[in-house]
Amino acid sequence: MMAEAGPAPIRVAVIGGGFIADYHVNGLRAAGGAEVSALVSRSAANAARRAAELGVTRWETDHRRVLDDPGIDAVVVATPDDTHASVATDALAAGKAVLLQKPMALNAAECRAIIAAGKASTAPLTVSFMHRYFPEVGWLKQVLAEGSLGPIHMVRMRNATPGADWNDWFYTADHVAGGVVMQLGVHGIDLIRHLFGPISEVSARMTTARPERRLKDGRLVRSRLEDNVLATYQLRGSAMATHEMSYTEVQGCDRFRLEVYGEKGTAWLRTERGAAALFTPAATGREEWVTPRLPSEPFGAAHHRHWLSIVRGESPRDDTPEAGLVSIEVAEAIYSASASGRRETLADATGEGRS
């Protein structure tokens, strides 16, 4: 008796041939159940080169060619920020499931337009917040749900890298709405909300410490965009968070650094103590740091497996479109608070229940 064939793979086109395409192509392959059928880049030379590097047999320079192709089920939108709204809404109108790279769009108004297009489409819209799917983040979410740390008093989030050196559009105001806040900080904003709930107030200071940068290809770019930011957030109850963002740190963080300080204990993620560490004597019975055993799998597999389950209808649509909007609203509040020197109040009162 022949074994029954499994479901047909989801045929995915990756729109955007930049650095992040590696993550999505490799993550989809590691997740299983998908076929990366095409790669799109505006330059024919870059499209051909990147497709060859990533082992994708088909490449295009016009994203509409894959949107018009009934053989494509879903798309990853990994293009420059100023194209997110147009490409994502085109894809949703064409009935393609969308995984949209962060930042969701240039501003909150564009985010709302994308969400409206998602609600009008038969296909699901998902925003790519990769850090949610790291095993240590899932572990911490469970620790918080169990109450092992007690009421949370303080949270410290740090997002820091040397800054993008592979393309000049990251530093061009025509293509982006901001610097380190939009390019890196939105990851931290989403994680804070994902783990600790809504952000109700924001204050911030920012600077441009490095107005000139040398790219990997030798080009010199000049930028007035912010590259170092310190923001503080009011969370639930009396809990507060500090959020450090830098695009000038030579070593940088390992994706992020997160410290959580509660009434009964402390938890650290991605620090010198490893991926995760916990000090809660009342819960563990040990007056020492405890390191949990975390699952291990290829980078991006869990994230893309989750997305593919949504595309297949096996899992419900998640809250990431609404979270993408709120991350931009918080970012905009950071810019406003820094410019005015005043604390900004947000209507982020419903947290994840906003979806």
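**View 1. Packing of helix α7 against helix α10.** Helix α7 (residues 180-196) and helix α10 (residues 320-340) pack with their axes 9 Å apart and at an angle of about 115°, where axes are lines fitted to C-alpha atoms, for helices over the stretch in contact, and angles run from 0 to 180 degrees between N-to-C directions. Helices here are DSSP runs of H or I with at least four residues, and strands are runs of E with at least two, numbered from the N terminus. This is a predicted model, in which local features need pLDDT of at least 70 and side-chain atom pairs count only at pLDDT 80 or more, while totals for chains, interfaces and linings use all residues. Residues are numbered from 1 along each chain as its sequence is written, and side-chain values use heavy atoms, with hydrogens and water left out. In α7, V181, M182, V186, I189, D190 and R193 meet A323, V326, S327, I328, V330, A331, I334 and Y335 of α10, contact meaning heavy atoms within 4.5 Å. The residues of this contact divide into 11 nonpolar, one polar and two charged, with Ala, Val, Leu, Ile, Met, Phe, Trp, Tyr, Cys and Pro counted as nonpolar, Asp, Glu, Lys and Arg as charged, and the others, Gly among them, as polar.

**View 2. Helix α10 and the residue that follows.** Of the 21 residues of α10, 17 are buried, that is, under 20% relative accessible area, with exposed meaning over 50% and partly exposed in between (1.4 Å probe, protein chains only). Just after α10, G341 takes a positive phi of about 75°.

**View 3. The largest nonpolar core around Y233.** Among the 82 residues of the largest nonpolar core, Y233, L258 and I334 touch the most other members; such a core is a set of buried Ala, Val, Leu, Ile, Met, Phe, Trp, Tyr and Cys residues joined through side-chain atoms within 4.5 Å. Apart from this core lies another, of 21 residues, among them V12, V76, L99 and A123. Not counting residues up to four places away in sequence, the contacts of Y233 include I189, V202, M245, V330 and I334.

**View 4. Helix α9 and its cover.** In helix α9 (residues 301-311), eight of the 11 residues are buried, including H303, H304, W307 and L308. What covers these buried residues includes β1 (10-15), α1 (20-31) and β2 (34-40). Just after α9, G313 takes a positive phi of about 85°.

**View 5. The surroundings of H63.** H63 lies in helix α3 (residues 63-67) and is buried, with a relative accessible area of 16%. Not counting residues up to four places away in sequence, H63 touches I15, V40, V87 and D90.
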